[in-house]
Amino acid sequence: MTSNPNNPSNDDDTPKDPLAEMLQNLMGGQGMGNIDPAELAKAAGLPNDPQLLQQMFAQVQAMMSSTSEGPVNWQLAHENARRVAASGSDPSVNAQQAKEVDEALRLAELWLDPVTDLSATGLIGRAWSRAEWVEATLGTWKRLTEPVANSIANALSNALTQQMPEEMKSMMGGASSMLQNMGGAIFGMQLGQAIGALSAEVVSSTDIGVPLADLEMALLPANVAKFGEGLSLPENDVRLFLAVREAAHARLFVQVPWLRGHLLGAIEAYARGIHIDMSRIEDLARDLDPSNPEGIQAALSEGVFTPERTPVQTAALEKLETALALVEGWVDELTAEATDKVLPSATALRETVRRRRATGGPAEHAFSSLVGLELRPRRLREAATLWATLKEERGIAGRDAIWHHPDLLPTGEDLDDPKGFSERRRLAEASDSEVDDALQKLLSGGYETAGEGSDPETSDPATGESDSDDTDPQAPTK
């Protein structure tokens with residue numbers, strides 16, 4: 001199927017395979033047979049390991065020639081995420097690390113008991129390697145990114161098709177599925193790269209504020225140690241503080257069953273409405289060239305989404321950012337209370353975590369550029385202030401009762417004015433109560449009916465007073 005790019009007519013009268021010519025143009029004029037596996041792998045951020053590269057290239061070739069269950073190649077994303085996670089130092093968790101994590105999370109649960117009305121989870125604390133984090137969270141990543149991932153993969157395959165001359169489109173036949181697989185493979189490799197890179201930054205299963213692994217409570221010892229580098233604080237203090245944060249997240253998501261679905265649903269709603277920049281996708285397809293492998297990675301990492309948002313998108317984003325802030329603010333406030341008198345370095349660690357969550361790491365930025373989604377709680381400090389105010393006004397039980405139902409959650413307006421939340425809620429509850437009372441009175445017959453003390457034809461419904469004159473119209477005039 002390949003042809004000599006330096007001799008379009010193949011030195012004979014046999015015309016060149018149109019599909020081969022099209023692929024040759026797409027691949028920078030080199031033809032499929034001359035693609036360097038190392039160059040393609042470099043574009044996806046893979047390590048320079050000949051054996052791994054050969055395995056990956058064989059897999060990509062298989063993807064191109066087989067049908068896929070969907071637009072995105074999730075198997076390729078999974079494999080790439082595992083490889084990237086293992087590309088650095090990712091040793092297996094040893095017995096000592098597992099013991100330290102288990103003890104830290106057990107102690108964290110004890111410290112949390114006096115500062116929250118939500119009961120302990122009973123979950124067993126886990127110590128994960130980066131590869132184990134990938135395995136535990138990939139299903140949720142798929143759920144969160146699938147809407148936009150499908151859009152990107154379809155856009156890539158459509159853009160690749162549009163690069164063909166018109167006379168060649170009718171000759172494609174079954175090759176169209178190969179182009180779809182190509183788009184799904186490209187995005188799958190990039191998504192796996194982003195998730196694998198994130199595995200080197202996160203310190204726990206809920207570090208980004210989203211329950212990526214349901215009903216799990218875990219720390220990543222290697223990343224906890226990395227987090228503590230340069231802080232000049234005892235390693236045990238760092239581990240304990242992060243354990244309290246993880247235990248607080250787990251307690252919230254386990255004891256408030258609707259919250260996980262509410263949060264993931266808000267993310268999905270926002271992701272479904274992301275708009276694909278087709279012009280950038282077309283540029284990506286046009287510039288697909290192994291001689292410049294950074295082109296694919298750079299184009300995707302710069303983002304392929306237009307900044308404009310529809311009103312629906314704006315509402316979805318506001319709901320998502322508020323929900324993320326409320327979760328992180330509650331965890332931040334409880335962690336500060338739980339560690340205040342038992343961990344001397346708690347104040348410094350709290351500020352370090354706040355800044356880290358506000359800015360995000362390199363891998364988090366790469367992920368947000370790729371899928372157009374930021375998972376940072378922009379209003380963490382305002383949310384923490386709100387929860388602190390509610391504790392002062394209502395006590396621990398009253399504050400935590402806010403989580404009983406999604407309709408009770410504070411809004412963006414409440415983050416703007418934390419001290420006014422209770423008054424606004426009281427007025428709303430009073431209004432609802434008045435409606436309920438009026439409805440109950442109506443159903444029980446408490447309102448006057450026609451003929452009982454008033455004439456329906458002459459009474460003012462607002463005052464109950466008669467509109468007629470006291471004078472009988474038939475009476476003689478004096």
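Me: What makes α10 and α15 (346-359) part of the lining of the second largest cavity?

Reply: Each of the two supplies at least two residues of that lining. A cavity is a set of points on a 1 Å grid over the protein atoms alone where a 1.4 Å probe fits but cannot get out, and lining residues have an atom within 4 Å of a point. Helices are DSSP runs of H or I with at least four residues, numbered from the N terminus. α10 gives the most, four residues. This is a predicted model, where local features need pLDDT of at least 70, side-chain atom pairs count only at pLDDT 80 or more, and totals for chains, interfaces and linings use all residues. Residues are numbered from 1 along each chain as its sequence is written, and side-chain values use heavy atoms, with hydrogens and water left out.

Me: Which residues line the second largest cavity, and how do they divide by class?

Reply: Among them are Phe-227, Arg-245, His-249 and Val-353. The lining has four nonpolar, three polar and four charged residues. Asp, Glu, Lys and Arg count as charged, Ala, Val, Leu, Ile, Met, Phe, Trp, Tyr, Cys and Pro as nonpolar, and the others, Gly among them, as polar. Arg-245 therefore counts as charged and His-249 as polar.

Me: How do you know what volume the second largest cavity has?

Reply: Its volume is about 70 Å³. A volume is the space filled by probe spheres set on the grid points, which are joined across faces, edges and corners.

Me: What volume does the largest cavity have?

Reply: About 90 Å³. Among the residues closest to its centre are Pro-211 and Phe-253.

Technical notes:
On a 1 Å grid over the protein atoms alone, a cavity is a set of points where a 1.4 Å probe fits but cannot get out, and a pocket is an open set with protein on both sides within 12 Å along at least five of seven lines; lining residues have an atom within 4 Å of a point.
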